[in-house]
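Me: I'm new to this one and would like a close look at a single part of it. Could you take me through the aromatic rings, and then whatever surrounds that topic?

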Amino acid sequence: MTVQLLIGLASYGMMVNWLIFKRNSTEKLLFSRCPLQLVILLLTLCTTTNSGRPNVPGESIWAILNKPIQFSGSGIPLKLIKTVEWRHKSGNSQTFCLDHKMDGNITKIYPACNGAAHFLSHNKTFVLDSVRAEDEGVYEERVIYKNNTLVSLNISLSIISPPSTLHISVNFSHTLLTMTCEVKGSNLSYWWLKDDQPFLKDSRWLLGERNQTLQVNNLTKADCGKYICLVANKAGQSRGHFQLTDNQSSVCKDGIVRATLPIGQREFLIMVILGICIFGLLIIIACIRRYHQGRNTEASGRTLQQGAASCQKQERKEKRQRHPRDRKSCV
């Protein structure tokens, strides 16, 4: 884009000069030289710009202590390269690591950078055979073309260590269980197991950010058991466990989580339940009394009916035996 803009400006200058020449031929020599000088200047700027050091996007890689690591260089054809250099930058200091000459395939390793290093000339790869803690930092590849053009590439190296010893912090709150994996390390991944098995999907189980925290809502007896947290990165792994038993929660003993209420609410609830029981008892007593009263009334009615029938029978018998004048009344 820059070269095209400069060429356009040069063309514009030449056109302006031609118009002025048409109007005043006496100034031909003066204005004819200006576009030529301008073109020469622009070509010089373009050449200087192309031979500069463009900023190549940097990369980031991880390394493990005492393990090898490879730095892959830029994808420039080998036949165009004159020299390859690698440098290590840490803070304000800069250290030469190696210098490789393509002509003759000569490589010079600088012990100050890392004595255990080598260079793969067929793909321009710089290799540290055993990474040390002080090797962390930025590594710069400098490629010098045969026409002396310089191109650079920065690669940031970070050292990762295995996760530290893992500890699970536990927090109880009524029917809520919260467990958090506490561990030190970089680039960590987290997993949870229940009784050495991946736990089944349950809406009561919630995982926090990066799976570092596990929350179990509305505890039941099925939630009791061993919980395992696994943590790993490229350098190693660590694990910790927590056993939920009846020593931590009564849910593991009888399957019920006893909710605790404030004293005032608890007494009120007891009074309400007691009142309901008494009211139900009174209803039962009233029903029993009513039942017995009904049975007594029914029995009395049957007795009266039997007495009346017996009396009428006796009267008819006496009528047949006596004179009507001497008839006695049953009443």
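How many aromatic pairs does a search of the whole structure find?

Reply: Searching the whole structure turns up seven aromatic pairs. To count, rings of Phe, Tyr and Trp (for Trp, its six-membered ring) need centres within 6.5 Å; planes under 30 degrees apart make a pair stacked, over 60 make it edge-to-face, and the rest are tilted. Before we go on, keep in mind that this is a predicted model, in which local features need pLDDT of at least 70 and side-chain atom pairs count only at pLDDT 80 or more, while totals for chains, interfaces and linings use all residues. Residues are numbered from 1 along each chain as its sequence is written, and side-chain values use heavy atoms, with hydrogens and water left out.

Let's start with W86 and F126. Their ring centres are 5.5 Å apart and their planes meet at 25°, so this pair is stacked. W86 belongs to strand 3 (residues 81-90) and F126 to strand 7 (residues 125-128), so the pair ties together parts that lie 40 residues apart in sequence. (Strands are DSSP runs of E with at least two residues, helices are runs of H or I with at least four, and both are numbered from the N terminus.) W86 and F126 are both buried; buried means under 20% relative accessible area, exposed means over 50%, and partly exposed is in between, using a 1.4 Å probe and protein chains only.

Now compare F96 and Y110. This aromatic pair is tilted, with 5.8 Å from centre to centre and 45° between the planes. F96 is in strand 4 (residues 93-101), while Y110 is in the loop between strand 5 (106-109) and strand 6 (117-120), which makes this a link between distant parts of the chain, 14 residues apart. F96 is partly exposed at 37% relative accessible area, and Y110 also counts as partly exposed, at 24%.

Back to W86 and F126 for a moment: together with F71 and Y139 they form one aromatic cluster.

The charged end of K194 sits over the ring of Y227, 5.6 Å from the ring's centre; the rule asks for NZ of Lys or CZ of Arg within 6 Å of the ring centre and within 35 degrees of the ring normal. K194 is buried, with a relative accessible area of 12%. The side chain of K194 also meets that of D195 in a salt bridge, 2.9 Å from N to O. (A salt bridge is a side-chain nitrogen of Lys or Arg within 4 Å of a carboxyl oxygen of Asp or Glu.) D195 itself is partly exposed, at 39%.

D196 sits in the loop between strand 12 (189-194) and strand 13 (205-207), and it is partly exposed at 42%. R210 is another non-glycine with a positive phi, of about 60°, and R210 lies in the loop between strand 13 and strand 14 (213-216).

The salt bridges come to ten by the rule above. One of them joins R204 to D223, with the closest N and O atoms 2.8 Å apart. R204 is in the loop between strand 12 and strand 13, and D223 is in the loop between strand 14 and strand 15 (225-233), so to speak linking distant parts of the chain, 19 residues apart. R204 and D223 are both buried. D99 and K101 meet in a salt bridge too, at 3.7 Å from N to O; D99 counts as buried at 16% relative accessibility, and K101 as partly exposed at 37%. Then there's a network of salt bridges that links K89, E140 and R142.

And the wider setting? The protein has four helices and 16 strands. It has 331 residues, 27% of which count as buried. Among contacts with a separation of 6 or more, 54% come from residues 24 or more positions apart, where contact means heavy atoms within 4.5 Å.
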